[in-house]
Amino acid sequence: MSALPIPLLGQSLSALKDWAVAQGQPAYRGQQLHTWIYQKGIRSLEQVTVFPKAWREAVQGYPVGRSRVVQRTEARDGTVKFLLELADGQLIETVGIPAAERLTVCVSSQVGCPMACDFCATGKMGYRRNLELHEILDQVLTVQEDFGRRVSHVVFMGMGEPLLNRDTVVQAIRSLNQDIGIGQRHITLSTVGVPRQIAWLAQQDLQITLAVSLHAPNQDLRQQLIPSAAHYPLDALIQDCRDYMLRTGRRVSFEYTLLSGVNDLPIHARQLAQLLQQASRSGVQLHVNLIPYNPISGADYQRPHPARVQAFVRQLEQYQVRATVRQTRGLDGNAACGQLQGSFLRSLPGRNAFASTSA
Ligand code: SAH
């Protein structure tokens with residue numbers, strides 16, 4: 001069986017020029033193709049009206065690498081969640097989050113996730129496979145197309161653990177920057193931590209923001225919530241974050257999902273502040289993002305009362321740790337953290353992409 005052609009989406013300007021030349025066309029056709037793929041967002045080569053008709057017809061079946069939108073759900077706050085079907089029938093989700101001048105896309109990096117965090121819907125689904133380069137970039141182009149405006153920010157906070165698909169994720173970051181035109185400082189990679197991978201990322205000379213999912217201020221509690229943390233002691237994780245900040249000069253943000261009565265008590269705020277003070281002793285800046293838990297089915301946690309959330313912020317401030325509460329967007333459209341996919345699949349009789357692994 002011959003190998004499938006590599007999709008055009010994800011290819012650099014020079015690779016597209018080479019492709020055009022290999023097809024017997026002048027190199028500037030590759031330049032045109034670059035604009036039509038990344039700026040105009042074509043879904044097939046048939047749409048490239050600047051190409052000679054005969055050539056367009058000859059190459060029309062060549063894959064651009066776009067995925068199919070199978071469901072679109074808009075929440076009252078304007079957040080739009082998309083369920084995308086990949087070429088092999090797998091489903092992933094991506095979210096477009098509009099705010100004043102910003103348009104942020106929350107992208108997935110894997111189908112499912114093997115990390116199994118206890119409060120995360122994707123974690124309950126298990127792992128299917130890594131996403132390919134075009135499948136990551138497609139999510140951004142899909143949101144751009146739907147909103148009819150440029151995406152300004154990208155966060156790797158959808159399905160999956162990006163550092164388990166690190167090479168493709170870093171290629172995607174470079175392409176988002178060079179081909180789609182999104183500033184590296186407007187790109188955030190969120191990780192729960194995978195041994196040795198933060199050090200590797202620090203060497204990639206990127207100017208992105210690293211966000212680390214902490215969720216607990218001590219090793220025991222962290223291991224309860226995040227099984228994979230058993231292989232990555234909290235001290236080692238914090239040390240790696242510190243090295244990352246020193247090497248890249250970029251501040252790290254720490255995510256902390258607040259689970260009522262589990263990790264949101266004054267003792268946890270104090271432990272968290274002490275832990276982070278260790279990291280910032282060298283003068284580097286850090287920031288805490290508090291995420292009130294979004295209830296998911298199959299997990300027995302509660303969202304803390306807003307007063308408790310505010311108290312947690314004040315307790316951290318007493319120890320000079322700055323924290324912001326991340327507003328939950330898209331809750332009514334079922335567009336918060338890993339929810340759409342599950343409910344969509346449940347609504348389709350006889351179809352469950354995660355049948356073998358879902359809780
Ligand atoms: N695998 C990456 C990206 C996950 S999604 C990571 O772990 O960082 C981005 C953030 O949302 C993570 O901090 C994740 O732990 C958090 N999250 C997942 N499910 C959640 C839920 N139900 N409520 C609140 N935050 C959640």
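This is a predicted model: local features need pLDDT of at least 70, side-chain atom pairs count only at pLDDT 80 or more; totals for chains, interfaces and linings use all residues.
**Entry 1: the domains.** I began with the domain assignment. I then checked the spacing.

**Entry 2: where the domains meet.** I looked up the contacts next. Six residues of domain 1 touch nine residues of domain 2. Between them, domain 1 and domain 2 bury about 640 Å², with 36% of that on carbon and sulfur atoms. On the domain 1 side, Tyr 38, Gln 39 and Arg 43 lose the most area to domain 2, and together they make up 77% of what that side buries.

**Entry 3: polar links between the domains.** I counted one salt bridge between domain 1 and domain 2. I also found a salt bridge between the side chains of Arg 43 and Glu 145, at 3.1 Å from N to O. Three residue pairs are in polar contact across the two domains. Helix α2 (residues 28–38) gives the most to the side of domain 1 that touches domain 2, with three residues. By class, that side has three nonpolar, two polar and one charged residues.

**Entry 4: Ser 190.** I moved on to a single residue. Ser 190 sits in strand β8 (residues 187–191). Is Ser 190 buried or exposed? Ser 190 has a relative accessible area of 9%, which is under the 20% cut-off, so Ser 190 counts as buried. I listed its neighbours beyond four places in sequence: Phe 156, Met 157, Glu 161, Pro 162, Ala 211, Ser 213 and Glu 255. With Glu 255, the side chain of Ser 190 makes a side-chain polar contact at 2.7 Å.

Note on methods:
Residues are numbered from 1 along each chain as its sequence is written. Side-chain values use heavy atoms; hydrogens and water are left out. Helices (H or I, at least four residues) and strands (E, at least two) are DSSP runs, numbered from the N terminus. Buried means under 20% relative accessible area, exposed over 50%, partly exposed in between (1.4 Å probe, protein chains only). A polar contact is a pair of N or O atoms within 3.5 Å; within protein, one must be able to donate a hydrogen and the other to accept it, and residues adjacent in sequence count only if both atoms are side-chain atoms. Contact means heavy atoms within 4.5 Å. Buried area is the accessible area (1.4 Å probe) that two parts lose on being put together, summed over both. A salt bridge is a side-chain nitrogen of Lys or Arg within 4 Å of a carboxyl oxygen of Asp or Glu. Ala, Val, Leu, Ile, Met, Phe, Trp, Tyr, Cys and Pro count as nonpolar, Asp, Glu, Lys and Arg as charged, and the others, Gly among them, as polar.
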